[in-house]
Amino acid sequence: MSKIVSAVGLGLIVAAGALAAISTNYETQVEANKKLCATYITNAKDALKSGDKDKANSFLDKAFKLDPKNKTLFEVAKEINGATAAQPATGEKPKAKKKISIDLGC
Amino acid sequence: MDNIVLPLFTSGFMDNHMNLLLAIAIGIMFGFILERAGFATAGHIAPIFYFKNLMVAKVMVSAIVTAATLIFLGVIFGYIDYNNIFIPSTYIYAYLVGGLIFGVGMVMSGWCPGTAVTGIATLKIDAIVFALGLFVGMYFYFEIYDGYEAVRELANSHNLGRFTINKLFGSDDIRVSYIVTLIASFGLLAFVTIIKKIIDSKGEN
């Protein structure tokens, strides 16, 4: 019984993924990226309101990777970094904290 | 929920402290599930390499397919930022050599690092011995890495960066990665199942 349940469950998961793959296209992913970009911009504005400029810039950097042509992005970047900033602070890489990455595999 | 982007930590929605707490919680769940699935016993893991027991292949394929599907759905519906999912850089030669050593070790011992930790938690002596060997091996590697230029060159050469399946096929569309993952996973399961049936029919298992 448990084998049947597992097989049916896995089948449903695969079916959901396959259906999504068939019914969407690359444009869907582009639109999803724009939606994510908008979410980051909203959060950047919230961070700016609470006075955290670094966090706001961090959100803008992520937003820029998703939708570099977003006009709202540039407006928010100007707001955060002052009128002299023509684009989000993506040129400056944030000070990288030393990151230790351990991948133990299986 | 509307203003949240997954993964929470790398997308800036969770601080380091909470991330570590979440990692501990996920680790506990993961260890529990591994142990319940029988992965805390080397005798359940090693037989896959002799095509005697397909439990490992079935569980791994189920896990890969489930994770791939959930990530795929999350990305295309705008809940997961694909750029923020951690994918280590691909160092071709280092991974080939490391994979070879890993594979030999796994067949010999019946453990891999993750399952060995589960085995240690259930006080398996062979898992403890495996873990000791693991640390000795890592220490040995760190020593030769520092000591020999050739090792450093091999380890750091041919870095393809964050290389995904869809990039291999020259596409930005992650559906390519998802479909290839499904085909490869089920293909592998079919392959080991067929080999097992052949061996069983010859009466060698």
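Predicted model: local features only at pLDDT ≥ 70, side-chain atom pairs only at ≥ 80, totals over all residues.
Let's begin with chain B. What sort of elements does chain B have? There are 9 helices and 0 strands. If you trace chain B from the N terminus, the elements read α-α-α-α-α-α-α-α-α. Along its principal axes, the C-alpha trace of chain B covers about 55 × 50 × 35 Å.

Pro7(B) sits in the segment before α1 (16-36) of chain B. Leu6(B) and Pro7(B) are joined by a cis peptide bond, with omega at about -10 degrees. Phe51(B) has a phi near 55 degrees, which is a positive value in a residue other than glycine. Why point these two spots out? Because most residues other than glycine have a negative phi, and most peptide bonds are trans.

Another loop worth a stop is the one between α7 (149-156) and α8 (165-168) of chain B, where Ser157(B) is placed. A polar atom of the Ser157(B) side chain lies 3.1 Å from the backbone oxygen of Leu154(B). What else does Ser157(B) touch, leaving aside its neighbours within four places in sequence? Its contacts are Tyr91(B), Ile92(B) and Tyr93(B).

Now for the place where the two chains meet. Chain B puts 38 residues into the contact, and chain A puts in 29 residues. Between them, chain B and chain A bury an area of about 2700 Å², and carbon and sulfur atoms give 65% of that area. Which three residues supply more than any other three of the area that chain B buries against chain A? They are Asn3(B), Ile76(B) and Arg175(B), which together supply 18% of it.

Let's zoom in on one of those, Arg175(B). You'll find Arg175(B) in helix α9 (residues 174-201) of chain B. Its side chain reaches across to chain A, coming to 2.6 Å from the backbone oxygen of Thr24(A). Arg175(B) also has a partner in chain B: its side chain makes a polar contact of 2.8 Å with the side chain of Asp173(B). Setting aside neighbours within four places in sequence, Arg175(B) is in contact with Ala21(A), Thr24(A), Asn25(A), Tyr26(A), Gln29(A) and Phe72(B).

That brings us over to chain A, and to how some of its helices pack. Two packed helices are described by the angle between their axes and the distance between the axes. Keep those two numbers in mind for each pair below.

Take α2(A) and α3(A) to begin with. Their axes come within 8 Å and cross at roughly 170 degrees. An angle over 145 degrees counts as roughly antiparallel, so α2(A) and α3(A) are roughly antiparallel to each other. Their crossing is left-handed. On the α2(A) side, the contact residues include Leu36(A), Tyr40(A) and Ala47(A), while those of α3(A) include Lys55(A), Phe59(A) and Leu66(A). Sorted by type, the residues of this contact of α2(A) with α3(A) come out as 12 nonpolar, 2 polar and 3 charged.

Next come α3(A), which is residues 53-66, and α4(A), packed at an angle of about 160 degrees with their axes 11 Å apart. By the reasoning of the cut-off above, α3(A) and α4(A) are therefore roughly antiparallel too. The crossing here is left-handed. Among the contact residues are Asn57(A), Leu60(A) and Phe64(A) of α3(A), and Phe74(A), Ala77(A) and Asn81(A) of α4(A). The residues of this contact of α3(A) with α4(A) divide into 9 nonpolar, 2 polar and 1 charged.

How do α2(A) (residues 26-49) and α4(A) (residues 71-81) cross? Their axes come within 11 Å, at roughly 15 degrees. Angles under 35 degrees count as roughly parallel, so α2(A) and α4(A) are roughly parallel to each other. As α2(A) passes α4(A), the crossing is left-handed. The contact is made by Ile41(A), Ala44(A), Lys45(A) and Leu48(A) of α2(A), meeting Thr72(A), Leu73(A), Val76(A), Glu79(A) and Ile80(A) of α4(A). The residues of this contact of α2(A) with α4(A) split into 6 nonpolar, 1 polar and 2 charged.

Notes. Residues numbered from 1 in each chain as written. Chains lettered and ligands numbered in written order. Heavy atoms only, no water. Axes fitted to C-alpha atoms, helices over the stretch in contact; angles between N-to-C directions. Helix = DSSP H or I, 4+ residues; strand = E, 2+ residues; numbered from the N terminus. Parallel < 35°, antiparallel > 145°, perpendicular 65-115°, else oblique. Left-handed = near helix turned anticlockwise from the far one by under 90°. Contact = heavy atoms within 4.5 Å. Nonpolar A, V, L, I, M, F, W, Y, C, P; charged D, E, K, R; others polar. Polar contact = N/O pair within 3.5 Å; in protein donor to acceptor, adjacent residues only side chain to side chain. Buried area = accessible area lost by both parts, 1.4 Å probe.
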